[in-house]
Amino acid sequence: MQRLTNRQILLGITGGIAAYKSAELTRQLRAAGAEVRIVMTPAATEFITPLTLQALSGNPVHLHLLDAEAEAGMGHIELAKWADLVLIAPASADFMARLANGQGNDLLTTLCLATEAPICLAPAMNQAMWRDSATQLNAAKLTERGVKLFGPGVGEQACGDNGPGRMLEPVELAQLTAEQFDTGLLTGKTVYITAGPTREPLDPVRYISNHSSGKMGYALAESAVDAGARVKLISGPVNLAAPARLQRVMVQTAEEMLAASLDGLDDCDIFIASAAVADYRPTAVAEQKIKKGAEEIMELHLVKNPDIVATVANQADKPFTVGFAAETRDVIEYARSKLDRKNLDMIVANDVSRSEIGFNSDENAVTVVSRQAEIELPQTSKRQLAGQLIRLIAEQYRQRSGR
Ligand code: PMT
């Protein structure tokens with residue numbers, strides 16, 4: 001079921017007595033880590049209320065094709081693009097007929113026409129309706145077009161008949177849905193990533209900071225999500241939108257970043273520190289704006305900030321911990337000494353003396369240093385590089401943990 005982590009499932013519900021089981025199916029999918037959005041046909045609302053499904057899915061339920069409000073938010077084309085998989089459960093005989101004939105006469109059939117995601121159906125109907133040659137023909141047409149059929153099961157039916165046509169149980173449907181996805185390199189793992197700069201205030205209008213844009217850390221977070229991880233992105237102040245499918249925690253100072261990093265750390269499998277944390281902060285923050293005086297030189301008193309990655313790496317049950325080293329000279333040598341001093345499992349050495357890579361650029365080039373190896377990753381986009389780094393981190397994490 002871990003394969004469902006971060007997956008976006010569009011659950012279509014059509015009219016049938018088995019619609020009541022969709023509530024439990026929604027719960028099962030969400031418990032397995034999927035995000036669920038629900039589309040109901042008008043007939044489905046006769047069997048279960050949209051309100052129940054809204055509460056269980058945590059998202060508004062979509063009902064109408066031409067809904068001005070929905071089109072302004074997440075309209076039918078966006079929903080079709082959003083889905084990683086469309087699961088229709090229960091799928092009535094009427095719905096199967098309309099889908100088999102390529103009709104788009106309600107929101108759900110339109111979505112099925114518009115989506116490029118795989119479509120799976122859980123047929124649910126009376127045994128005679130299932131056996132009917134028209135339904136069998138529609139089922140064959142749909143299978144031929146690549147639609148997967150989950151079931152139906154055989155057994156006693158709500159109408160008192162016995163035979164094929166029962167919708168499979170929610171737990172079986174959730175399992176079959178999970179099996180449609182490959183296992184990612186980090187499926188089921190929890191990854192914390194720090195990104196961006198910290199800001200250490202001097203007074204209400206001034207602060208000490210650096211040029212980190214957060215691009216490297218955000219790219220790592222997106223790659224970790226793509227690899228199937230649950231990601232907490234702990235971000236300093238940056239001008240980047242929150243990537244989808246992860247938890248973002250915004251912080252300002254190093255102390256706040258430390259608190260967010262330690263929060264829930266017991267559940268963290270891999271910790272990646274790409275943030276450019278201010279090593280020092282002012283000893284005191286002035287309550288009012290500091291006024292210019294007559295003196296030519298002004299002295300600032302600074303105190304050392306806590307070392308976030310070293311604190312994490314020195315916990316008794318530490319996660320696999322990866323640091324970055326931003327250096328302007330003797331890059332590998334300094335990176336190696338940080339690897340040892342901070343008790344890290346791996347460090348990414350970043351030459352920040354070059355303006356086309358490192359801080360606030362779209363590209364980067366790094367050397368990954370561990371106790372076993374030194375691997376150079378040549379200049380490329382931060383997104384590409386992040387993918388390569390996540391692969392290396394996942395490999396070494398598995399080797400270390402024997403998983
Ligand atoms: O954000 P971008 O514009 O995309 O730029 C990316 C980057 C250049 C910021 C990034 O690739 C990078 O090199 N990040 C590390 C920057 C840094 O602060 O390096 P450092 O050598 O000073 O610190 C070593 C490690 O200790 C880092 O993992 C850092 O996050 C961590 N650290 C440092 C100080 C501190 N008080 N706490 C920490 O956790």
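The entries below cover ground rules, then the cores, then the ligand.

**Ground rules.** I am working with a predicted model, where local features need pLDDT of at least 70, side-chain atom pairs count only at pLDDT 80 or more, and totals for chains, interfaces and linings use all residues. Residues are numbered from 1 along each chain as its sequence is written, and side-chain values use heavy atoms, with hydrogens and water left out.

**Cores.** I looked for nonpolar cores, meaning sets of buried Ala, Val, Leu, Ile, Met, Phe, Trp, Tyr and Cys residues joined through side-chain atoms within 4.5 Å; buried is under 20% relative accessible area (1.4 Å probe, protein chains only). The largest has 35 residues, and Ile-272 and Leu-389 are among those touching the most other members. Helix H14 (382-401) is one of the elements giving two or more residues to this core, and H14 gives the most, with 8. Helices here are DSSP runs of H or I, at least four residues, numbered from the N terminus.

I then checked Ile-272: its contacts (heavy atoms within 4.5 Å) include Leu-220, Phe-324 and Ile-393, leaving out residues up to four places away in sequence. Another core, of 31 residues, lies apart from the largest one and includes Ile-38 and Met-167.

**Ligand.** I found 27 residues around the ligand, with Lys-338 and Asn-360 among the closest; a residue counts if one of its heavy atoms lies within 4 Å. Polar contacts are pairs of N or O atoms within 3.5 Å. A side-chain N or O atom of Ser-212 is 2.6 Å from a ligand oxygen, and a backbone N or O atom of Ala-275 is also 2.6 Å from a ligand oxygen.

Definitions and conventions:
Buried means under 20% relative accessible area, exposed over 50%, partly exposed in between (1.4 Å probe, protein chains only). A polar contact is a pair of N or O atoms within 3.5 Å; within protein, one must be able to donate a hydrogen and the other to accept it, and residues adjacent in sequence count only if both atoms are side-chain atoms.
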